[in-house]
Amino acid sequence: MTTAPRHAIDALFLEERTYPPSLEFATQANARPDIYERDWEELWEAEGRERVSWFKPFDKLYEWEPPYAKWYLGGKLNVCFNCVDRHVEAGNGENVAYHWEGEPEGETRTITFADLQRDVVRFANALKKLGVEKGTPVGIYMGMVPELPVAMLACARLGAPHTVVFGGFSADSLSGRLNDMECEILITQDEGWRRGSTVPLKKNADEALAASPGVKRAVVLRRTRSDVAIEDGRDVWWHEIVEGESDDPSSCPCEEMDSEDLLYLLYTSGTTAKPKGIVHTTAGYLVGVATTHHYIFDVKPDSVYWCAADIGWVTGHSYIVYGPLCNGTTGVLYEGTPDFPDKDRWWSIVERYGVDILYTAPTAIRAHMKWGPEHAEKHDLSSLRLLGSVGEPINPEAWMWYREHIGGGRTPVVDTWWQTETGMILITPLPGVTTLKPGSATKPFPGVLPAVLDEEGNDVGPGGGGYLVLKRPWPAMLRGIHNDHERYVETYWSRYEGLYFAGDGAKLDEDGDFWLLGRVDDVMNVSGHRISTIEVESALVDHQSVAEAAVCGRNDPQTGQAIVAYVTLKGGDEGDVEKLEELRNHVAKKIGPIAKPANIVFTPELPKTRSGKIMRRLLRDVAEKRELGDTTTLADPTVVEELQERASTERED
Ligand code: WTA
């Protein structure tokens with residue numbers, strides 16, 4: 001497959017379509033134009049007081065000692081109380097929290113807030129018996145089953161910080177995270193469902209636990225009922241430990257947490273092989289995600305809101321679990337893939353539950369585009385009122401397709417920019433207020449202060465391109481990297497003094513709207529998932545036959561970026577198709593199937609500078625099949641010519 005390079009900036013200049021809000025939407029919207037005029041401190045003060053319930057109100061809005069912020073100082077609260085108990089106490093226990101749909105057809109569950117409370121209380125009581133208490137770190141490795149949010153909320157109830165590890169990650173990735181957080185308990189399941197086959201979660205967990213001696217107990221949920229090994233003294237079945245436990249909330253009161261107590265760590269790829277444990281705390285995070293969820297998604301009391309991400313990523317944490325539940329919203333939770341058993345599965349879900357808000361990633365939208373609009377046309381999608389996008393830049397064609405074929409040409413599309421680190425959406429249209437432009441994330445959320453800077457730190461101004469920074473703290477911002485102050489400072493705060501460096505390129509247009517241009521560091525974005533080049537390189541070099549490896553991303557019409565690896569084998573081995581497959585599988589085993597290179601080019605030599613640095617820029621040029629940039633610093637110019645030749649004859653998946 002050859003892909004013409006996408007000239008993001010050129011394409012953006014051509015994009016002139018605008019969509020002002022309809023009067024109909026504007027007159028009923030949660031956000032009104034005056035929200036942009038509010039004083040930012042007053043806004044977060046008011047949201048902090050009104051949107052969440054406190055055991056003890058906060059006495060100071062925030063404290064900013066760069067690079068660390070604290071929010072809602074002195075406040076005491078509990079996230080589980082806010083997401084579950086208070087809705088039941090307010091008489092809304094019979095409202096649906098989640099419509100859950102398993103991947104095998106016909107398998108559904110309706111979970112009300114009262115059900116959720118009972119499930120959480122019983123499980124939290126059981127966790128207590130396993131020794132979980134305030135401060136106990138808990139790992140969670142599950143698929144998209146209702147018990148996943150139950151496990152997260154039970155931890156929050158007890159004040160036990162969690163780390164959720166995406167079910168697509170390998171045993172190695174899991175144990176790395178469990179060890180870094182020093183988890184004492186792991187919650188997992190026998191297997192997960194994915195596109196009609198199963199994912200061996202417990203088997204992976206067993207492998208991970210062999211390398212995670214700190215984890216003393218594992219709780220195993222029965223999902224597919226397949227036979228899995230149960231280690232006596234370590235593993236317990238979920239259904240057995242909850243048996244006989246009380247589901248009365250007074251049997252397990254919500255722990256009183258400080259605003260700045262740790263809620264969770266979520267690991268994300270950076271520019272080194274070791275994932276970073278991003279720290280999110282209690283109050284600022286909750287206020288941030290609930291407030292943005294309310295205004296950006298225009299959620300109403302009778303909404304049926306569906307964020308089709310996986311809870312294992314930050315999008316799921318903030319906009320499937322914590323934000324929506326805090327707002328008492330009814331959500332959809334779907335276990336499987338969009339094309340199982342057929343390519344209209346999503347649209348059948350939208351129709352059956354009357355989904356009015358759908359939030360997904362460009363990579364999914366492009367997959368649906370490829371499959372064709374006929375699958376959506378089989379279903380009545382008239383319940384949809386609003387569409388959202390997240391995870392990568394959305395190309396204008398995909399934006400238009402989404403609005404036309406899914407939104408019936410009526411619905412606003414909100415393109416929301418944010419990161420694991422930011423915790424909440426920071427750049428986004430407000431539906432009913434903002435004039436939309438296909439491909440632009442438009443404006444900062446009220447109170448957020450981004451800028452686009454050049455290398456020297458000057459504002460580029462309208463029409464300019466540069467690096468995206470944030471100039472002011474926001475409630476849900478990360479509180480650091482777990483156990484790594486140096487790396488926190490180095491990654492986010494050293495490029496520009498006192499400013500948060502996001503690692504994304506951006507462009508401002510004449511109206512001051514933001515256009516995101518993708519990563520500027522060695523992080524690739526494959527199907528909306530961040531993977532660092534060095535992580536994949538380390539996995540490759542870990543293989544006994546590999547001498548050296550360099551990895552880069554190239555544009556891919558479907559997944560945003562695809563991974564290309566250049567590999568030098570030991571002993572002058574030339575490599576063949578079998579070796580290629582072996583290496584791809586090795587990466588899948590070390591990191592997870594999402595990190596499998598789409599293509600591996602074997603080469604006797606990598607292009608290096610005279611000082612021995614691999615010239616990744618040239619590798620990207622080769623991967624994109626475009627003309628090479630400056631090659632004068634190369635130690636041996638013939639190496640790239642040879643590479644270009646090899647790359648053009650290489651097979652691809
Ligand atoms: C990219 C996902 C363009 C960006 C919430 C960011 C986006 C990284 C957008 C964070 C968007 C996310 N437009 N790019 N609307 N949203 N990104 O941590 O490169 O998985 O830095 O968080 O995804 O990915 P993460």
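**Close-up views of a predicted model**

**Figure 1. Helices α4 and α5 cross with left-handed geometry.** The model shown here and in the following views is predicted. The pair is formed by helix α4, residues 79-92, and helix α5, residues 113-129, which pack at an angle of about 130 degrees. Their axes are 9 Å apart. Angles over 145 degrees would count as roughly antiparallel and angles of 65 to 115 degrees as roughly perpendicular; α4 is therefore oblique to α5.

**Figure 2. Helices α7 and α8 cross with right-handed geometry.** Helix α7 comprises residues 171-181 and helix α8 residues 201-210. The two axes come within 8 Å and cross at roughly 50 degrees. Because of this angle, α7 and α8 are oblique to each other.

**Figure 3. Glutamate 182 has a positive phi.** Its phi is about 60 degrees, although the residue is not a glycine. Glutamate 182 belongs to the loop that runs between α7 and β8, the latter spanning 185-189. For context, most residues other than glycine have a negative phi.

**Figure 4. The peptide bond from proline 66 to proline 67 is cis.** Omega for this bond is near 5 degrees. Proline 67 is placed in the loop between β1 (60-65) and β2 (68-73). As a general rule, most peptide bonds are trans.

**Figure 5. A cis peptide bond links phenylalanine 340 to proline 341.** Here omega is near -5 degrees. Proline 341 lies in the loop that connects β17 (330-334) with α12 (345-353).

**Figure 6. The ligand is surrounded by 17 residues.** The closest of these are Asp415, Thr416, Thr420, Asp504 and Arg530. By class, the shell around the ligand consists of 6 nonpolar, 6 polar and 5 charged residues.

Figure 7. The ligand taken alone exposes 520 Å², of which the protein buries 97%. Two or more residues of the shell around the ligand are given by each of the elements α11 (314-326) and β24 (514-519).

Methods: Residues are numbered from 1 along each chain as its sequence is written. This is a predicted model: local features need pLDDT of at least 70, side-chain atom pairs count only at pLDDT 80 or more; totals for chains, interfaces and linings use all residues. Side-chain values use heavy atoms; hydrogens and water are left out. A residue is near a molecule or strand if one of its heavy atoms lies within 4 Å of it. Accessible areas come from the Shrake-Rupley method with a 1.4 Å probe; for residues, only the protein chains shown count as cover. Helices (H or I, at least four residues) and strands (E, at least two) are DSSP runs, numbered from the N terminus. Ala, Val, Leu, Ile, Met, Phe, Trp, Tyr, Cys and Pro count as nonpolar, Asp, Glu, Lys and Arg as charged, and the others, Gly among them, as polar. Axes are lines fitted to C-alpha atoms, for helices over the stretch in contact, and angles run from 0 to 180 degrees between N-to-C directions. Angles under 35 degrees count as roughly parallel, over 145 as roughly antiparallel, 65 to 115 as roughly perpendicular and the rest as oblique. A crossing is left-handed if the near helix is turned anticlockwise from the far one by less than a right angle, and right-handed if clockwise.
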